[in-house]
Amino acid sequence: MTLETVLIVAAALFSVGLYGALSQQVVVMVMMGLELMLNGVILAGAAFWWFLAPAPEGQVLLLVVIAAMTVEMAMGFAVAIALHRHRGTDMTDMAADLSR
Amino acid sequence: MTGDAALWSLVGLPALVGAGLGLGGRQTERFAVPVSLATAVIWVALAVGVAIGRPAVDAPFMVGTPVGLAVDTLSALVVVTVAVITLLVLMFAAADVTGSRGRFHGLMLLFAAAVAMTATATTLPALLVAWEVMGATSYALIGFGWQQDGKVQAGATAFLTTRAADLGLYTAAGAALAGGAGLALADLPEAGEGWRHVVAAGVLVAALGKAAQLPFSFWLSRAMEGPSPVSALLHSAAMVAMGGYLLLRTHDLLAATGWASVAAAWAGALTALLLGAVAVAQRDLKQLLAASTSAQLGFVVLAAGLGAVAGGTAHLVAHAATKALLFLVAGAWLSALGTKRLSALRGAARRWPLVGATAGIGALSLAGVAPLSLWATKDEVLAAALVESPALYVVGLAAAALSAAYAGKVLVTVCRRLPADAEARYDDEVRGTRHVGVLERAPLIVLAAAAALLVVLALPPVSHSLRRALGDTSAPTAGVLELLGSAVLALVVLAAVVRWRPPEPGWAAGWLGLESATHVLVVGPTLKLAGALARFDDRVLDRAVDESARLTAVTACRLARADVRGVDGLVEVVARSTRRLGDLARLPQTGQLHEYYLQAAAVLAVGVVLLIMLG
Amino acid sequence: MTETSLVTALVFWALAVVAVAAGVAVFRVDSMARATYALATSFVAVGLALLLVDLDYIGLVTVLMMVMEMAIMAVYMIMFMGMNPALMPMSMVHGQRTAVGAATATFVLLAAGAVLVPWPERRGVPAADHTAALGEALMGAKMLVMMTVSPVMLATIVAGIVLASHRTRYDRLGDDLKQRPADDPQPGGVGR
C-alpha cells in the first residue's frame, strides 16, 4: 500500500467515472459518473494526506470535497426535476438547446 | 536731330506705308497707286536729304551690338539711285500692273525700305534683318501672279537659293562674335586670325548668292517669271546690286584676308565672261537681260575684289539705270505686243519711236559704246584689273566684248525692219494691248538720260571727287588709251554682230546647266535626308512614344489584375478564412452535455501537460 | 510510517478491487436500481479504505452520505420511471467509443503521473487524535471554511427548492402576491 498504488486505484476510479459521465444519456446516470470521479478524488486526497502531509488541513480539504459533492448532487437532482417538468424527458440529448 | 529723323523715316516710311497697303486687302485698290507714288516722291526727297546731311543713328538691339544706320558716300549714292529708280518703276507699274495693286505696291515699298536699310546698315544685325526682308519680298513679288502655274515655284527657287547663300552671312556673324570683333561692319577686319577667314568666306558667299554670281546664277533666270517692274527694280537695280554693294562695303575685310579678294575678283571676272556667253545664246529678251545683269555685276564684284571702290560704285549706279531702262522697255513690249521672244520682237523699236529710241540708248550703253555710261565705268574697273593681274584684264576685256555682243544682238533684232508677218508672232504670252501709255513712257526718258549722263561718274572731274569721298585715291585710273581701246572694241563687236549672227551654243542657252546640277548635288540629297529623318521619326521616335503609351496601358492592366487577384484576393482569403474559423468555432457548441465534458477534460489534460512541461 | 502490515495491504487490495469493480458495474448493469446499489458499494469500499489510513471521521461520513444518497436516488427512479425500477432493462449510451477512449487516455495519463512523479518525503506525523484536531482546526484556524460551506449549503437548499418546485407562491398568489384565496389545484390548507 504505497502512495503510487493508492493513486493508481484512485485514477482507475476517476477514469471509470469519466467514462460514465461521457457516455450516459440519462441525467441521473451522468451524475453517477460524476460521483465516481469525486470518489476517486477523495481516495487520492486521503492517500496524499496519509503519505505526504498528515495535518488537519488535509482533512479540511477532504471535507470541502465532500461538501462540493453534496452540493452537486442536490443541484443535479433539482435540475433533473425541472428538465422533466418542462421537457418531459430525462435525457441530456433533449436538453441541447436553450429555449423552446 | 532732323537728320536722325530723316534717316529713320528713310527706312520707316516705305515700310509702314508698304505694310499698310499690303495688309489692307481689297479696300486699298482704289488709292494704292496715288499713295505709293506719293510715298516714293517723299522717299526720293528723304534720300537726297540724308545724302546731303550724312546722319548716323543707332538703336539698342543685343548687348554691345546696336542696330546702326549711317550714310556715307557709298550709301548716299546707292540710296539716291535706288530711290529714283523705285519712283520711276512705280510710275511704270501704275500703268502696267492692273490687278492686286495694293499688294503689289505694298510689297514694292516694303522692298524699298529693306534696300534703304541694307544700304545704310553699319552693323550686322541691321544688315541681316534687311537682307532677309529683301529676300522675302523678292519671293512674294516673283510669285505675284500666283494663279498661274510655275510662278510660285520660280519664286521659291530664287528664295531658297539666296537664302542658302545667306547662311554665309550668319556664319560670318557668329565667327565675328567668336573672333572678338563685334558685329559692326567696319570692325570686321579686326577679328582674330582664323576667324577672319571664316567671316570673309561667309560674307563672300552671301554676296555672291545675292548678286547671282557663279555658281548661284540660275535663280536669276527663274526670277524672270515675275512681272516686268519687279525685274526692273529688284533684279537689275536694287536687290542683286546689294550683293555687289556688300562686297564694296567690306572690301577692307576681303583685302585683309588676302585670298578672299583674289577669290572675289576671279569669281566676278569668270561670271562676267561665262554669263556673257550665256546671254549671247539666249532667245528670250528677259532671259538675255538677266544673264547680262549677272555678267555686269561680275564687273562690280571684280572691282570689290581689286579694291577699286569708286569704279565699282560708278559701274553699279550706271548699270542700275541702264538695266532698269531695258527691263522697263521689255515690260512695255510684253504688255503691248504680248511677247518677249527675240524672234517675235523683230522691228519692235519701230512701232513706237520713243520706246525704240530709249531702247537703243540702253542697248548702246550696255554694249559699252562711247560716250555712254557703262563704257567709262567698265574701264575704271579694268584699269585696276590690269595693275593687279594681266590675266584678269584679259578675261575682263573678253567679258566686255561679249557684253557688246549680246547688246548688239538686242539692238540688231529690234531695230530691223518690221517683217510682214510680225502680227502673227505676237500674243504668245499675254494678250497685248498694242498701247504704251504716258506713265510707261516717262520713266523711260528719265532712265535713258541717266544711262547717258552717268558717264561723268567715271570721267576725271567727278571721278576724282568721288574717289576722294570714298577714300579710294590710291586705285589706278583708266588712261586715255584704254578708254579709246574699249570704245573701238565695242564698235568692232557691234559691227560683227550686225554682219554675222552670233552663235547660240546649247550649254550657254541652258545657263550652263547650273540648275540641274544644283538639283542633283544639293536638292536631291537634302530631300532624301529629310525623308530619312521623317522615317526615323515615325519608326523610332513615334514608335517609342506609342510603345510607351501602350506599355503604360498594359502595365496599368497588369497592375489592375494583380490588384484584383493578388491584393483583393488576399483580402478575400482572409475574410473567407475568418468566416470559416467562425463557423468552426460554432461546432463545439452542440448543446450536448457529454461533449462539453469531453472538451473540458481535453483542455484540462492539455493544461496539465503544459504546466508540467513549463514548470 | 508508511510501512504496512500484510493484513493491511491485503485488505486494501480487496477493497480496491471491490471499489473499481463496483464502479464499472454501475454502467454495465441493466437497471437503475442495480446501478444505484453498485455505486453505493463502491463508495462504501472507498470509505472503508479511508478507515485503513486512520481517517475515521471522513470515512464514516462518506459511507453515511452515500447510503442516504442511494435512498434518495431510489425515490427518483420511481418518480421518473413510474414503475418498479428493478425490473426495467436500460442501457442508453451515446458516444461509447469516444468515452472509452477518453477514459483510457485519462487513466494512462494519471497513472503515469502517479508513478513517474518523484513524490516528496512525508512531512510531520498525524496527531494523536486527528478527528479532534480536525474539529479544532475547523472551529479555529479553518473557521473560514466552515463559514463558507454553511451559506453554500443554505444556498443549495434554497436553489434546489426553487428549481424543483412546480408551483411557487407567485403561481399561487399572483404577481403582486395579493390574490386571496390562493390558486391551488387542490384547495385546502389554512387559507394563506
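I take contact to mean heavy atoms within 4.5 Å. The model I am reading is predicted.

**Entry 1: chain A against chain C**

I first asked how many residues each chain brings to this contact. Chain A gives 66 residues and chain C gives 80 residues. Next I looked up the buried area. Chain A and chain C bury about 6600 Å² between them. Carbon and sulfur atoms account for 80% of that area. On the chain A side, I noted A:Met1, A:Tyr19 and A:Trp50, which lose the most area to chain C. Together they make up 12% of what that side buries.

Then I checked for pairings across the interface of chain A and chain C. I found zero salt bridges there. I did find eight residue pairs in polar contact, both residues at pLDDT 80 or more.

Which helices of chain A supply at least two residues each to the side that touches chain C? I listed helix 1 (3-23), helix 2 (27-51) and helix 3 (56-87). Helix 3 of chain A provides the largest share, 23 residues. I also sorted this side of chain A by residue type. I got 48 nonpolar, 12 polar and six charged residues.

**Entry 2: chain B against chain A**

I turned to chain B. Its contact with chain A takes seven residues from chain B and eight residues from chain A. The area buried between these chains is about 680 Å². Carbon and sulfur atoms give 63% of it. Which residues of chain B lose the most area to chain A? I noted B:Gln592, B:His594 and B:Tyr597, together 59% of what the chain B side buries.

I searched for salt bridges between chain B and chain A and found zero. The chain B side that touches chain A has three nonpolar residues, four polar and no charged.

**Entry 3: cavities**

The structure holds five cavities of 30 Å³ or more. The largest cavity has about 80 Å³ of space. I wrote down some of its lining residues, among them B:Trp375, B:Lys378, B:Asp379, B:Ser486 and B:Leu489. Where in chain B does the lining come from? Helix 15 (373-388), helix 16 (390-415) and helix 20 (480-499) of chain B each give two or more residues. By type, the lining of the largest cavity has seven nonpolar, two polar and two charged residues. B:Lys378 and B:Asp379 are the charged ones, because Lys and Asp count as charged.

Note on methods
Residues numbered from 1 in each chain as written. Chains lettered and ligands numbered in written order. Predicted model: local features only at pLDDT ≥ 70, side-chain atom pairs only at ≥ 80, totals over all residues. Heavy atoms only, no water. Buried area = accessible area lost by both parts, 1.4 Å probe. Salt bridge = Lys/Arg side-chain N within 4 Å of Asp/Glu carboxyl O. 1 Å grid on protein atoms, 1.4 Å probe; cavity = no way out; pocket = protein on both sides within 12 Å on 5 of 7 lines; lining within 4 Å. Points joined across faces, edges and corners; volume = space filled by probe spheres on them. Helix = DSSP H or I, 4+ residues; strand = E, 2+ residues; numbered from the N terminus. Polar contact = N/O pair within 3.5 Å; in protein donor to acceptor, adjacent residues only side chain to side chain.
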